[in-house]
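Please open the model in a viewer and keep the selection tool at hand.

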Amino acid sequence: MTRAEFRDAVYTYCVMFGASETSGFRTHARNQALKGVAHSPHLVGFAVDVVYDAALSAQERAEWARRLGLLLVLESDHDHLQPLGWEAG
């Protein structure tokens with residue numbers, strides 16, 4: 001998946017679910033401040049964190065993310081999206 005394809009998939013996901021991005025590309029310093037993993041896809045523009053106006057179930061969100069080529073990671077106060085198959089950490 002190219003960066004452009006990733007951005008298109010994230011845009012589609014956000015429109016479908018009423019989601020807003022809260023974090024995308026990060027510098028190393030910002031990633032460390034947020035306690036992000038060392039090889040975070042945020043560092044190369046292949047991850048976004050989102051919050052919702054009103055979210056559907058986690059199962060529905062995860063299924064649609066997969067259909068768009070995205071991996072949905074549930075965090076405590078937001079969801080994280082990155083390309084399927086990305087090895088983080």
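In this predicted model, begin with helix H3 and select Gln59 and Arg67, which are exposed on one side of the helix. Next, select Arg61, Ala62 and Ala65, the buried residues of H3. Viewed down the helix axis, these buried residues fall within an arc of 95°, so they line one face of H3. An α-helix has 3.6 residues a turn, so residues three or four places apart point the same way.

What covers this buried face? Display H1, S2, S3 and strand S4 (79-83), which are among the elements that cover the buried residues of H3. Following H3, select glycine 69, where phi is positive, near 85°.

Now turn to the largest nonpolar core, which has 16 residues. Select Tyr13, Val50, Tyr52, Leu70, Leu72 and Leu81, the members that touch the most other members. At least two residues of this core come from each of helix H1 (3-17), strand S2 (48-52), helix H3 (58-67) and strand S3 (70-74). The greatest contribution is that of H1, with six residues.

Centre the view on leucine 70. Beyond its neighbours within four places in sequence, leucine 70 is in contact with residues including Phe6, Ala9, Val10, Tyr13, Ala65 and Leu81.

Finally, move to leucine 74, also in strand S3. Is leucine 74 buried or partly exposed? Its relative accessible area is 48%, and leucine 74 is therefore partly exposed. Setting aside residues up to four places away in sequence, leucine 74 touches Ala58, Arg61 and Asp79. Histidine 39, by contrast, is 35 residues from leucine 74 in sequence and 18 Å away in space, C-alpha to C-alpha.

How values were computed
Residues are numbered from 1 along each chain as its sequence is written. This is a predicted model: local features need pLDDT of at least 70, side-chain atom pairs count only at pLDDT 80 or more; totals for chains, interfaces and linings use all residues. Side-chain values use heavy atoms; hydrogens and water are left out. A nonpolar core is a set of buried Ala, Val, Leu, Ile, Met, Phe, Trp, Tyr and Cys residues joined through side-chain atoms within 4.5 Å. Buried means under 20% relative accessible area, exposed over 50%, partly exposed in between (1.4 Å probe, protein chains only). Helices (H or I, at least four residues) and strands (E, at least two) are DSSP runs, numbered from the N terminus. Contact means heavy atoms within 4.5 Å. The arc is that of the directions from the helix axis to the C-beta atoms.
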